[in-house]
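Please read it alongside the sequence and the model.

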Amino acid sequence: MISGLDPTLLLWLNLVGVFVFGLSGGLAAVQARLDVFGVIVLSAVVAFTGGIVRDLLIGVPPETFRDWRYLAAAGAAGVVCFFAAPSIDRRQRGVQLFDAIGLGLFCVSGASKALDFGLGPVQAVLLGAITGIGGGMLRDVLLREVPTVLRQDLYAIPALVGGAVAVIAREAGSYSVWFPLLGAAVCFAVRMAGVHYKIEAPREPPRRRSSD
C-alpha cells in the first residue's frame, strides 16, 4: 500500500487533468482543421503523454492503460471538442486556458506520485513538470510547431513552481488536500499571468550582423 496523498484525490486530479488536457489538444486539432479521428487522437496524445513518460521513468506500468476511465476521459474530451468547437469563440484562448488547468493538475499529481514511489524531492518536482509539459510538447510537434515550452511564455517554470509547493508540503510532513490544490492554483496563476502579460523566460539578445 502506497502511503501519501489520498488515492481517491490523486485519481480525480489525474482524471480531471486528462479531460482538460484532452480539451486543449482537441481544440488545437480543430484549429488545425483535422478530421474527427485526428481530433480524438490529438486529445489522447496531449492527455496521456506526460503521465506515460512519468510512469516509465518511475518504473511502473502506465496507469492510463490499466484503468478504462482515463481512456474514457480523453475520448470524451475529443468528442466534445469536435462537436462543440465550432460554437467556441477565440479557440486559441481556450487552448491556453485548458492547457494551464491541466498543467496545474498534472504537475502536482505527478510530483505526488513520484514521492509515493520513493523518489527524492528534486526528482519529484522534475517529474511533476515532465508530467505537465509532456503532452503539450508532443501536441506542438505533431502540429509542426516549435514546442511552446521552448519558445514563448512561462510554461515549464509554472509547472516547477506548482510541483515544488506540493513537494515542500509533503516533505514537511503535511498530507493535507489543500497543499496539492494550492500548488495547482499557483501553477495555473503563474501560467495565465505569463500568457496575459506576455512574460517570457530570458533569451539571448539578438546578435548584430557584422558589416562587410
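In what follows, a residue is called buried when its relative accessible area is under 20%, exposed when it is over 50%, and partly exposed in between, with a 1.4 Å probe and only protein chains considered. By that rule D140 is buried, because its relative accessibility is 3%. The model is predicted, so local features are reported only at pLDDT of at least 70 and side-chain atom pairs only at pLDDT 80 or more, whereas totals for chains, interfaces and linings use all residues. Residues are numbered from 1 along each chain as its sequence is written, and side-chain values rest on heavy atoms, with hydrogens and water left out.

**Overall architecture**

The protein chain contains 8 helices and 0 strands, where helices (H or I, at least four residues) and strands (E, at least two) are DSSP runs numbered from the N terminus. Read from the N terminus, the order of elements is α-α-α-α-α-α-α-α. The C-alpha trace extends over about 65 × 45 × 30 Å along its principal axes. The radius of gyration is taken over C-alpha atoms, and the globule rule is 2.2 Å times the number of residues to the power 0.38. For 212 residues a compact globule would have a radius of gyration near 17 Å, and the 17 Å of the protein chain agrees with that expectation.

Of the 212 residues in the protein chain, 48% are buried. Contacts are heavy atoms within 4.5 Å, and among those in the protein chain with a separation of 6 or more, 77% involve residues 24 or more positions apart. The protein chain exposes about 11000 Å², of which carbon and sulfur atoms supply 65%; accessible areas come from the Shrake-Rupley method with a 1.4 Å probe, and for residues only the protein chains shown count as cover.

An unreviewed UniProt entry carries the annotation "domain: Glycine transporter" for residues 11-84 and 97-169. UniProt positions are given in the numbering used here, feature names are shortened, and annotations may be inferred rather than shown by experiment. Over residues 11-84 the chain is 82% helix and 0% strand, with the end C-alpha atoms 27 Å apart.

**Charged pairs**

Side chains of opposite charge can pair when their charged atoms come close.

| Salt bridge | Closest N and O atoms | Burial of the partners |
|---|---|---|
| D55 and R54 | 3.0 Å | both buried |
| D99 and R139 | 3.2 Å | both buried |
| R139 and D140 | 3.1 Å | both buried |

Salt bridges that share partners join R54, D55, E63 and K113 into one network. R139 takes part in the pair with D99, at 3.2 Å between the closest N and O atoms. This pair links distant parts of the chain, since D99 lies in helix α4 (residues 91-116) and R139 in helix α5, 40 residues apart. R139 also pairs with D140, which is placed in helix α5 (residues 121-142). Leaving aside residues up to four places away in sequence, D140 touches E145, V146, P147 and T148.

**Loop residues with positive phi**

Most residues other than glycine have a negative phi. R33, although it is not a glycine, has a positive phi of about 65 degrees; R33 sits in the loop between α1 (7-31) and α2, and its relative accessibility of 75% makes it exposed. R144, likewise not a glycine, has a positive phi of about 60 degrees. The position of R144 is in the loop between α5 and α6 (148-151), where a relative accessibility of 80% makes R144 exposed.

**A nonpolar surface patch**

Patches are made of residues with over 30% relative accessible area and no salt bridge, with like charges joined within 9 Å and nonpolar side chains (Val, Leu, Ile, Met, Phe, Trp, Tyr) within 5 Å. On the surface, V36, F37, I40, V41, V79, F82 and F83 form a nonpolar patch whose accessible area together is about 630 Å². The elements that give two or more residues to the nonpolar patch are α2 (36-58) and α3 (68-84), and the largest share, 4 residues, comes from α2. V41 belongs to helix α2 and, at 35% relative accessibility, counts as partly exposed.

Methods:
Salt bridge = Lys/Arg side-chain N within 4 Å of Asp/Glu carboxyl O.
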